Amino acid sequence: MNDFRAVLAIFAFSISLYLIYDLWANAFSMYVLLGCIFGFIIAHYLWPKQRDYESHWYDALELVIDLPFRTIAFALRGLSRIVGKDGVDVDI
């Protein structure tokens, strides 16, 4: 079952990489950007957390698949810290 989840995560990751290429090759689209981000998040959560064996290539692949999710999470946390500490307030 873990191998199946890994294959699905690789598939979602590959589609997200293609969507990044599509953003650069064709005109920018917010829907494509959101699909790309959603695909990286799906790939992160699909990747199996527990393994029965040790493999160096499996660890390297996990790092590659998890890197975009960690980057997105880091950016969102930084943005929330900036907005939260400056006290940005919107009055209606």
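Asp-66 is buried in the predicted model, because its relative accessibility is 13% and buried means under 20% relative accessible area, exposed over 50% and partly exposed in between, with a 1.4 Å probe and protein chains only. The residue lies in helix α3, where helices are DSSP runs of H or I with at least four residues, numbered from the N terminus. The side chains of Asp-66 and Arg-70 are joined by a polar contact of 2.7 Å. A polar contact is a pair of N or O atoms within 3.5 Å; within protein, one atom must be able to donate a hydrogen and the other to accept it, and residues adjacent in sequence count only if both atoms are side-chain atoms. Asp-66 and Ile-41 are 25 residues apart along the chain, and their C-alpha atoms are separated by 8.8 Å.

Helix α3 spans residues 56–86 and also contains Trp-57. Trp-57 is exposed, at a relative accessible area of 57%. Its side chain makes a polar contact of 2.8 Å with the side chain of Ser-55.

Residues are numbered from 1 along each chain as its sequence is written. Because the model is predicted, local features need pLDDT of at least 70 and side-chain atom pairs count only at pLDDT 80 or more, while totals for chains, interfaces and linings use all residues; side-chain values use heavy atoms, with hydrogens and water left out.

Helix α1 (residues 2–25) packs with helix α2 (residues 30–46) at an angle of about 160°, and their axes are 8 Å apart. Axes are lines fitted to C-alpha atoms, for helices over the stretch in contact, and angles run from 0 to 180 degrees between N-to-C directions. The two helices α1 and α2 are therefore roughly antiparallel, a term for angles over 145 degrees. Their crossing is left-handed, that is, the near helix is turned anticlockwise from the far one by less than a right angle. The contact of α1 with α2 comprises 16 nonpolar, 3 polar and 2 charged residues. Here Ala, Val, Leu, Ile, Met, Phe, Trp, Tyr, Cys and Pro count as nonpolar, Asp, Glu, Lys and Arg as charged, and the others, Gly among them, as polar.

Ser-16 lies in α1 and is buried, with a relative accessible area of 1%. Beyond residues up to four places away in sequence, Ser-16 touches Gly-35, Cys-36, Gly-39 and Phe-40, contact being heavy atoms within 4.5 Å. A polar atom of the Ser-16 side chain lies 3.3 Å from the backbone oxygen of Cys-36.

Definitions and conventions: Angles under 35 degrees count as roughly parallel, over 145 as roughly antiparallel, 65 to 115 as roughly perpendicular and the rest as oblique.
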